[in-house]
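Below is a brief report on one model. It covers a sheet, a helix, a loop residue and a ligand shell.

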Amino acid sequence: MRKENLTITKQRALTSNIMELTCVGPLASEMTEPGQFLHLRVGTSDDLLLRRPISICDVNLDEQSVTMLYRVEGQGTKRLSVKQEGEQVDILGPLGNGFPLEETQPGETAVLVGGGIGVPPLYYLSKQLKARGVNVVHILGFQSVENVFYEQEFQELGPTYVVTVDGTYGSKGFVTDVLKDQQLSFDTMYSCGPTPMLKALSTIYADQRVFLSLEERMGCGVGACFACVCHVVGDETGTSYRKVCTDGPVFPVGEVVL
Ligand code: FAD
Ligand code: FES
């Protein structure tokens with residue numbers, strides 16, 4: 001992990017509030033683990049001093065480039081969204097422990113379940129699993145048709161089911177409905193998305209090989225400030241915890257309280 005200024009080579013809107021940002025620099029060569037994240041400093045004013053955590057969505061090691069997808073939420077992501085090609089972004093990373101690829105053997109099936117802005121880290125994961133000879137199946141959940149992104153990109157890697165809460169695109173409902181309706185069987189599940197979705201998956205698939213990526217508010221991103229702690233399941237004393245930034249963001253199902 002180190003800090004570097006990467007240069008923006010491309011920034012474009014995928015939907016009304018989802019941006020795709022590609023940057024180049026030697027640091028990208030170190031981004032080999034899907035599910036890890038980057039900590040971005042996007043400005044110098046007081047409200048922008050804290051870095052913003054954004055997942056690695058894709059890496060091109062030959063071109064030393066990294067792509068991130070982010071939703072424009074508050075001041076930080078707004079500031080990032082107006083940056084132009086040729087400008088630099090101060091990036092610390094890669095941070096955290098990503099998805100364990102070795103848990104799925106070649107020839108086995110992995111189902112990748114993403115919700116909303118939890119979808120991006122699954123793209124680099126899917127590429128790497130496929131390169132290992134794993135069969136990949138994707139379930140991507142969004143609120144509505146106008147929020148859908150990267151369907152084609154995932155389709156190119158394996159079967160992809162899109163589900164929207166209001167039924168305006170794909171099937172209607174939640175990712176759990178797709179798993180049930182399609183009777184999808186799998187050896188490993190990898191997921192990233194909103195906490196209610198992760199909770200539902202961890203209830204239904206508590207006894208299976210499932211890995212969940214958590215999104216917790218962060219400060220330092222490197223284990224020093226305790227902003228991101230979550231409790232360990234079954235700890236009655238309430239003293240055992242994990243730091244999402246350094247122990248996670250990916251945890252096996254049942255390890256931490258969601
Ligand atoms: P503000 O609400 O103005 O932010 C104020 C402060 O709260 C900032 O310090 C900000 O970092 C923090 N904060 C606000 N929301 C979140 C949140 N959901 N998680 C963590 N910190 C938050 N978003 C994406 O769009 N794409 C991604 O790939 C992505 N990957 C993430 C990976 C990890 C490990 C984590 C923890 C979060 C990720 N997020 C991702 C969420 C993203 O970090 C927040 O949406 C972003 O920090 C909001 O910043 P803001 O300045 O626009 O919003
Ligand atoms: Fe500081 Fe995790 S964000 S300890």
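Two strands pair if DSSP finds at least two bridges between them. Helices (H or I, at least four residues) and strands (E, at least two) are DSSP runs, numbered from the N terminus. This is a predicted model: local features need pLDDT of at least 70, side-chain atom pairs count only at pLDDT 80 or more, and totals for chains, interfaces and linings use all residues. Residues are numbered from 1 along each chain as its sequence is written, while chains are lettered from A and ligands numbered from 1 in the order in which they are written.

Seven strands form an open, antiparallel sheet in the order β4-β3-β7-β1-β2-β6-β5. β4 and β5 are the edge strands, each pairing on one side only. Strands β1 and β7 run antiparallel and share six bridges. Glu4 has Ile91 of β7 as its bridge partner.

| Strand | Residues |
|---|---|
| β1 | residues 2-13 |
| β7 | residues 88-95 |
| β4 | residues 52-55 |
| β5 | residues 58-60 |

Leu49 sits in the loop between β3 and β4.

Ligand 1 is surrounded by 22 residues (C-beta atom, placed from the backbone, within 6 Å). The closest are Ser55, Tyr70, Gly74, Gly76 and Thr77. β4, β6 and α1 each give two or more residues to this shell.
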